[in-house]
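Let's take a walk through this fold together, strand by strand and then side chain by side chain. Keep the sequence and the 3D view open as you read.

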Amino acid sequence: MVTLVTGDTVTVDRAGRVAGVSAAEGREGMTFRISRAAGGHAFAVPRDAERLLADGTGAYRTTS
């Protein structure tokens, strides 16, 4: 399980695919964009963080 800076958690399976997401307390109902990049990295982005990533305020991080 990976905890995002938002407090939301992402579960990945053994193949590295996103198996589930759970919004943090107080963020119930948040939706996520799930994608997979070339190279195999999976991303789960809370919809309210997309603008921050697009304008460069936030940054993607990967875990191994």
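Start with the sheet: an open one of 3 strands, in the order 1-2-3, with antiparallel pairing. Its edge strands are strand 1 (2–3) and strand 3, each of which pairs on one side only. A word on terms: helices (H or I, at least four residues) and strands (E, at least two) are DSSP runs, numbered from the N terminus, and two strands count as paired if DSSP finds at least two bridges between them. In general, strands of a sheet pair through backbone hydrogen bonds, either parallel or antiparallel.

Before going further, bear in mind that this is a predicted model, in which local features need pLDDT of at least 70 and side-chain atom pairs count only at pLDDT 80 or more, while totals for chains, interfaces and linings use all residues. Residues are numbered from 1 along each chain as its sequence is written, and side-chain values use heavy atoms, with hydrogens and water left out. The score itself, pLDDT, is the predictor's confidence in each residue, from 0 to 100. For the protein chain the mean pLDDT is 87, with 94% of residues reaching 70 or more. Among the helices and strands, confidence is highest in strand 3 (residues 18–22), at a mean of 94, and lowest in helix 1 (residues 50–54), at 88.

Strand 1 and strand 2 (residues 9–12) run antiparallel and are joined by 2 bridges. You can pick out both partners of strand 2 by eye: Val 2 is bridged to Val 10, and Thr 3 to Thr 9. The two strands make a hairpin with 5 residues between them, and Gly 7 in that turn has a positive phi of about 95 degrees.

Is Ala 19 buried or exposed? Ala 19 counts as exposed because its relative accessible area is 57%; the cut-offs are under 20% for buried, over 50% for exposed, and partly exposed in between (1.4 Å probe, protein chains only). Not counting residues up to four places away in sequence, Ala 19 touches Thr 11, Val 12 and Asp 13, where contact means heavy atoms within 4.5 Å. The C-alpha atoms of Ala 19 and Met 1 are separated by 9.8 Å, and the two residues are 18 apart along the chain.

Further along the chain comes another pairing. Strand 4 (residues 32–36) and strand 5 (residues 42–46) pair in the antiparallel sense over 5 bridges. Ile 34 stands opposite Ala 44 in strand 5. These strands form a hairpin with 5 residues between them, and Gly 39 in the turn has a positive phi of about 100 degrees.

On to the charges. Side chains of opposite charge can pair when their charged atoms come close. The structure holds 6 salt bridges, each being a side-chain nitrogen of Lys or Arg within 4 Å of a carboxyl oxygen of Asp or Glu. One of them joins Asp 13 to Arg 17, with the closest N and O atoms 3.1 Å apart. Asp 13 is partly exposed, at 26% relative accessible area, and Arg 17 is partly exposed too, at 47%.

With Asp 8, Arg 27 forms a salt bridge whose closest N and O atoms are 2.9 Å apart. Arg 27 lies in the loop between strand 3 and strand 4 and Asp 8 in the loop between strand 1 and strand 2, so the pair ties together parts that are 19 residues apart in sequence. Both residues are buried.

Arg 27 also forms a salt bridge with Asp 48, at 2.8 Å between the closest N and O atoms. This pair links distant parts of the chain, with Asp 48 in the loop between strand 5 and helix 1, 21 residues apart from Arg 27. At 17% relative accessibility Arg 27 counts as buried, whereas Asp 48, at 38%, counts as partly exposed. Through shared partners, the salt bridges join Asp 8, Arg 27 and Asp 48 into one network.
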